[in-house]
Amino acid sequence: MNCVKRITDDLTWVGANDRRLSMFEGIYSVPYGVSYNSYLLIDDKTVLFDTVDKAVRQRFLENVGFVLSGRDLDYIVVQHVEPDHSAALSELTLLYPKLKIVCSDKTLGFLEQFFDFDIRSRAHIVKENDTLNTGRHELRFIMAPMVHWPEVMVTYDSTDKILFSADAFGCFGALNGAIFADEVDFAKYYMDEARRYYANIVGKYGTQVSTFLSKVSGFAVDMICPLHGFVWRKDMAGILSKYALWSSYEPEEYGVLIAYASVYGNTENAAEILACRLRERGLKTAMYDVSVTPASEIVSEAFRWSHIVFASTTYNAGIFVTMEALINDLTAHNIQNRTVAIIENGSWAPTSGGLIRGKLEQCKNISFVDAGLSLKSSLKSSQIQEVEYLADEIAASFPAAEINALAPAGGTAPSDAVDMTTMFKLTYGLFVLSARDGSKDNGCIINTVTQITEKPNRISIAVNKSNYTHDMILKTGVFNVSILSESVPFRVFEQFGFKSGRDTDKFVDSTYSDRSANGVRYIPEHVNGVISAKVADSFDYGTHTLFVSDVTQAFVLSGERSVTYQFYFDNIKPKPQPPKEKKTGYVCRICGYVYEGDVLPDDFICPLCKHGVDDFEKIL
Ligand code: FEO
């Protein structure tokens, strides 16, 4: 039984829906199905615009026969050769022997590649701006190369002002009984699928889509009939503006897409914590596990959001498999104009960050957030400050108006809204906070030391409760602050920031044996001053305790400038580096250690995992 939809008095949709297809083009999941659109114009001449996929060929042929009601089919316009739109062509020529195939020269060549029947003798070749008069209607043909394939052509019916747009303005999703976009809540239920269709099908060809848009912008268009999805007859400005945006690779919305690959959940944990910190700063976030969510959905999201955080574990000395596939997909789709931050993880040699950066540097206009995060197996409490700074940096790259823009569309920020970027104008130093509990010395890195009053001389420090030093101060009420100066090397941060005093002695390997009058150790090198203090009061602020303390001793060690948080990230903290030129040598299959050299000695033992030469393979 036929199933058709009337579009105008003489134009009918004769396509079909497919809800059994699991992977469109073998790669794109279509959970809501897909429609294959074909349109039949009944005029003095009968004209069909494209056919359908072989999966729905039978219903389509029935639909065509029904609408023709015994008339012959005079023309088929082949706008796009891809088989989901041309599969029924040979059957049509058998059913309608006089059928003429209207197509471009390039289309004819492609059709001859796909089909074995005689096409050339039926071909009615058209060029840019050629017209075909069918009686009441005049059809004009416009070439739209690479929207999606090189042969793509669209047709403008100047009589009824209808644009048959081929793949342009298409959408995944079956039509479910409707035919016009205004019959459904398109923005709510279909816009994501329209974006996913655009990004994956034609996202790579933004320049060509822009050219197509400017070509057709001169036409008065009352209706758009694409090859997939709904027909547009109202509110076309919305979808047209989306196409203008997508084809320019400008983001649709300010917000942070976090895509993570995590083997044992530790990279995911860091990504989750960062997402929380970003939300607290008023930023929109969307998160995807790249091993679970199909790449096509994340590619689509990348076309939507302004910022992307890639968080990936290191795997086989490279990027984790699914993350690497995603990055390759994004670069293949020409992603550009985005701000990117990277979190890498690796238990012995984290390299994924630099490799991800190296790949994305090939894309246009990608800005990298300087602060990154490098994990050794898992995020430690000592690195929480790095997460905070990463969140700060991401937030700082947002326009102020986009911060706290979480209200639903149409809402306005309350007049007492807090613009978090204002907080970034405050300067923060970096300090080693040290304490002593009996024979145990410990220290950690903090960034919040403030003088509150001069008489009495009081300071406040905010300390994360997860730090062992916090517990020591809570117990003893005594501490030292060593004010770090600009010459401080990264190893000081590794020593006091990247380890926990609960399971290591942070002073054991150091030469820092000096103690102040309170008996607590301080750091004598790369420090311009030391303050000793005694807790006067403490305030519980959830994750942190604020200790208000009386200064008991203070002395200057050098005239060097204090290091600021910004200086640390600009000049001290190592940044993920793109991979260097390819090494020659051998790589350990067990741990990824690379031996550089042409010949691997027979008795060589991997310095990391202690495996022998049998476990090495040559780098090709
Ligand atoms: Fe549905 Fe490019 O075709």
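**Entry 1: the antiparallel sheet**

I count two strands as paired if DSSP finds at least two bridges between them. The model I am reading is predicted. With that in hand, I looked up an open sheet of seven strands, ordered 25-24-28-29-30-27-26. The pairing there is antiparallel. Which strands stand at the edges? I found strand 25 (440-446) and strand 26 (449-453) there. Each has a single partner strand, so one side of each is left without a neighbour in the sheet. From one strand to the next, the twist averages 35 degrees.

Strand 29 (residues 527-541) runs antiparallel to strand 30 (residues 544-556), and I noted twelve bridges between them. Valine 535 has serine 549 of strand 30 as its bridge partner.

Lysine 475 pairs with aspartate 437, with 3.1 Å between the closest N and O atoms. Lysine 475 belongs to helix 14 and aspartate 437 to strand 24, so the pair ties together parts 38 residues apart in sequence. Are the two partners buried or exposed? I read lysine 475 as exposed, at 61% relative accessible area. Aspartate 437 is partly exposed, at 24%.

I stepped back to serine 466, in the loop between strand 27 and helix 14. Serine 466 is partly exposed, with a relative accessible area of 28%. Which residues does serine 466 contact, leaving aside neighbours within four places in sequence? I found Ser381 and Arg502.

I moved to another open sheet of seven strands, in the order 1-2-7-8-9-10-11. Here the pairing is mixed. Strand 1 (5-8) and strand 11 (123-125) are the edges; each has a single partner strand, so one side of each lacks a neighbour in the sheet. The twist averages 25 degrees from strand to strand.

I picked out a parallel pair: strand 8 (residues 46-49) and strand 9 (residues 75-77), joined over three bridges. In strand 9, tyrosine 75 is the bridge partner of valine 47. Helix 1 (residues 57-68) packs on this sheet and touches strand 2 (11-13), strand 7 (39-42) and strand 8. Its direction makes about 15 degrees with that of strand 7. Helix 4 (residues 105-114) lies across strand 10 (100-103) and strand 11, at about 120 degrees to strand 10.

**Entry 2: an enclosed strand**

How many of the eight residues of strand 21 (residues 338-345) are buried? I counted eight of the eight, so the strand is largely enclosed by the rest of the structure. In a regular strand, side chains alternate between the two faces of the sheet. I saw Arg338, Val340, Ile342 and Glu344 point one way from strand 21. Thr339, Ala341, Ile343 and Asn345 point the other way.

I then looked at the partners of strand 21. Strand 19 (residues 305-315) pairs with it in the parallel sense over seven bridges, and alanine 341 is the bridge partner of valine 309. Strand 22 (residues 366-368) also pairs with strand 21 in the parallel sense, over three bridges. There, serine 367 partners threonine 339.

**Entry 3: charges and a patch**

I noted 31 salt bridges in the structure. In one, arginine 281 meets aspartate 392 at 2.8 Å, N to O. Arginine 281 sits in the loop between helix 9 and strand 18 (285-289) and aspartate 392 in helix 13 (residues 384-396), so the pair ties together parts 111 residues apart in sequence. Both residues are buried.

Arginine 120 and glutamate 112 form another, also listed at 2.8 Å, N to O. Arginine 120 is partly exposed at 49% relative accessibility, and glutamate 112 is partly exposed at 34%. I also found a network of salt bridges, whose members include Asp192, Arg195, Lys242 and Glu252.

Last, I looked at a nonpolar surface patch of about 440 Å², made by Val263, Tyr264, Tyr315 and Val321. Valine 263 lies in the loop between strand 17 (253-261) and helix 9 (266-280). Its relative accessible area is 36%, partly exposed.

How values were computed. Residues numbered from 1 in each chain as written. Predicted model: local features only at pLDDT ≥ 70, side-chain atom pairs only at ≥ 80, totals over all residues. Heavy atoms only, no water. Helix = DSSP H or I, 4+ residues; strand = E, 2+ residues; numbered from the N terminus. Axes fitted to C-alpha atoms, helices over the stretch in contact; angles between N-to-C directions. Patch = residues over 30% accessible without salt bridge, like charges linked within 9 Å, V, L, I, M, F, W, Y side chains within 5 Å. Areas by Shrake-Rupley, 256 points an atom, 1.4 Å probe, with all protein chains shown as cover. Salt bridge = Lys/Arg side-chain N within 4 Å of Asp/Glu carboxyl O. Buried < 20%, exposed > 50% of the residue type's maximum accessible area, 1.4 Å probe, protein only. Contact = heavy atoms within 4.5 Å.
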